[in-house]
Each structure stands twice: as structure tokens, then as C-alpha cells.
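Subject: Structure handover

Hello,

Here is the structure for your files. My notes on it follow below.

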Amino acid sequence: MSSEALARLAEERVDHRFKGLPPDAVGLTVGELAAQRRNLFAEADGFTTPVLALSAERLEHNLALMEMYAARHGLAFAPHGKTSMAPQLFHRQIEHGAWGITLAVPHQVRVARAFGIQRVFLANEVVDAAALRWIATELAADPDFRFVCYVDSVRGVEAMDCALQGSARPVDVVVELGAGDGARTGVRTEADALAVAEAVAGTGTLRLVGVAGYEGEVPQADPERVRAYLRRLVALAAGLDGAGHLKDAEEIVVSAGGSAWFDVVADVFEEIRGLSSPVLKLLRSGAYVSHDDGHYRRITPFTRVPEEGALEPAFRLWAQVVSRPTPEQAFVNAGKRDAAHDLDLPTAQVVRRNGVERPADGVTVTGLSDQHAWLRTEPGADVEVGDWIGLGLSHPCTSFDKWQLIPVAEADGTVVDYVRTFF
């Protein structure tokens, strides 16, 4: 199913839905356009601004780096697919050693299943009866489909059990441990976790297989607070196992790991010992696939462990200077509809004019309108109407979701592929 579904993506026709693509490509299939190997910067090849591009080389570097990191630390890896919602990238992640794909809501699971993803870790509670019945149908139809999701309340367990009555296979669940007072979802105490585990044991529709949490929600997070929370998570797994609540698990799942603290996750998970079944130490970091030029560049654990390597920002948004009303100001034709802006504004990185690329010295993005970025230009900044400005972005999750079809370009601008997203 997966190869056929991916092949159908290449058969999709290029049309007005896809921003930035050459107008004369309308009617071509995506595969036909990719085979033409058009150049992002060649005027005759027709790409229009704004256009978001992924670096082919940097994308491959990031995929390989996290594959090596997980293997080196004995971790299974289920990268969070909500970042890209791109089945082509899901499959590349699996080709690079991923155990499966993490997702956040049932719709995302439907996308993954449509493209043949066989292992899904749903890092959320699910109490929607229609969604649960669909999951049960998928499990019944495909013995090789592995699905795990969170539980964090007795009421949630009861709702799941009610929706799943008559299902052919039990749904695997893990108790989510909250990261502290004021944090997001998850049980707040070990007593609450035990009550949830006992509720699961009282159903015939659910099977408890482990514990999970998200250390990125630790209040006032620092290495010691994060480490303490993760050790509490590991202790919870041992406690539930010792009490016999994980006796039906073929392997015990212990899962954590966003994109800010996976080095601490690796350290603490290495301490796991003596459980009654083999342990699946499941890391879920997702932003690595494209990385970024802002938030994740600042917080990546690779800054703390540089000997492990370094991720590379793979996104660049190309926009064109359309107005230069004063010597101190310029405007490009990309705004909130095109660029992530929830964590940081884009950064002006390079200017292209007549095929020559140079650093965007003296150019700063100061704000975004819906379809314009406001640029402050320092004295001597060489910016003219018609120039292309390459912008670095912050936050992959809100960059991918603004683009349905993203060119993948080599360093010289040759477009070798197109990534389809499903948000």
C-alpha cells in the first residue's frame, strides 16, 4: 500500500493549489515536473515568489545524524510526524532506522495509515468514540499494525472501553505522567497513575504496555529538573511493572523526548534496569528533520554535546523585494501566510541579484503583515526592488503547515523532488 500511495503523489497534477511553482507547470504531474530538474533561481524555469524550499543535502544530513544518534544510545526512534505531516518524509525517516512515527491526533493517524505506516505512537489521549472505532477497525484488518496511545484518567479509560466494546484486538496504552504542577496533560501523582493502571486492567479492550511523558513541559526546565522528571518516569515504569500491571506487555514502552532535551533522555534511559520484559526506549523528537534558524537552533541538545554532531537548518523561504519606499525600509512579498512567526520572526540571510548571492548584511526583519515582511535596512545595505531575499525560519511545525507542496533543492538550486504535506 505505501509504495502505491507514494507513487500516486507523483501522479498528482500541478495547479493553482501549490504556491511558488512555475505557472507553466500547470497540468504536469509532480513526477514530470521533478524530472525536469528546474532551477529555483533560473528566471526561465519559472518559480515565483514567495517559495519555500528544503535543502536536499541538509535534509539527508539531519536524517542520518539522528539515525546514528539513536543507534549509538540504544534508543528506538519514533519521530513526531506532526512536524511535517509529509508521508514521503515519514518513509525516509523509517528508511533511516525509525521504529515508527509519533502523531498527535487521530486525523494524523489516518494520513499515516493511508501511506502504509505500520507503527504509530499517538502522544495524546483519545476519547473520541468515532476515532477509537476506526482505530479498532484498522487493528482488526491488519495484524501487523502496531498502535499505542496515552491514558491519564479513569474517566478516559472508561470512555475508551465503552467505545471499543466488541473490538477484535485490545488497544495498547501507556500511562502519561505529567511533567509537574501547571504542566500540560498527564497524571499528577503516582497514586493517580496506579488508579489509571487498575482501571485499564479492569477492561478487556485496553492493554497497558508502559509509561510516557514529555520533558519539554517541565516547569522552569533545566538539566537537573528534566533529569529528575525522567527518573520519576522510569521509576513509575518499574513500579507498575513490579505491581504486575505490565504483565501482558510483550515489551515495556518507556517514552519521552522532544527536541530540546533528548540528550538527557538518552542518559536517564540508559539507567533502566531489571524490568520483567524487554524495554522499548522510545524517543520522539521531530523538529530535527528540517531543524531551523531560530528556536531549535538555540535549544538543540547538540549545543551541549557537540561531539555528537550538529543539525543543519534545511528550510529557506525565498521572497522578493517589491517596495523600497525609504532608504531605511523595504518590503518583501512573504508574510504570515508563508512564514512561521509564532516563536521568532524570520531572519534575512542572503540577497540574490542577477544570479549572485551574498550575505544580507544590514537587513533585519522587524515585522510581518499577512503578505509582507517589513525589512529595516541599515545605511549601506544594498537592497533593490526585484532582489530575492532568502529568509531563515524559526519553528518547523508552523513552517511546513503553510505549504502543501515544497520543492527540495540541491545547493545550486536544482529542484530534485517535491514534498507533499497533509495538514
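A residue is called buried under 20% relative accessible area, exposed over 50%, and partly exposed in between, with a 1.4 Å probe and protein chains only. Cys-162 is exposed because its relative accessibility is 60%, whereas Cys-397, at 13%, is buried.

This is a predicted model, in which local features need pLDDT of at least 70, side-chain atom pairs count only at pLDDT 80 or more, and totals for chains, interfaces and linings use all residues. Residues are numbered from 1 along each chain as its sequence is written, and side-chain values use heavy atoms, with hydrogens and water left out.

Disulfides: with a disulfide taken as a pair of cysteine sulfur atoms within 2.5 Å, the count is zero. Cys-162 is in no disulfide, and the nearest cysteine sulfur, that of Cys-149, lies 16 Å away.

Ala-348: this residue sits in strand β12, residues 347–353. Helices (H or I, at least four residues) and strands (E, at least two) are DSSP runs, numbered from the N terminus. Ala-348 is buried, since its relative accessible area is 16%. Leaving out residues up to four places away in sequence, Ala-348 touches Ala-360, Val-363, Val-365, Ile-389, Gly-390 and Leu-391, where contact means heavy atoms within 4.5 Å.

Ser-3: helix α1, residues 2–11, contains Ser-3. Ser-3 is exposed, with 53% relative accessibility. Ser-3 and Arg-72 are 69 residues apart in sequence and 30 Å apart in space, C-alpha to C-alpha.

Regards
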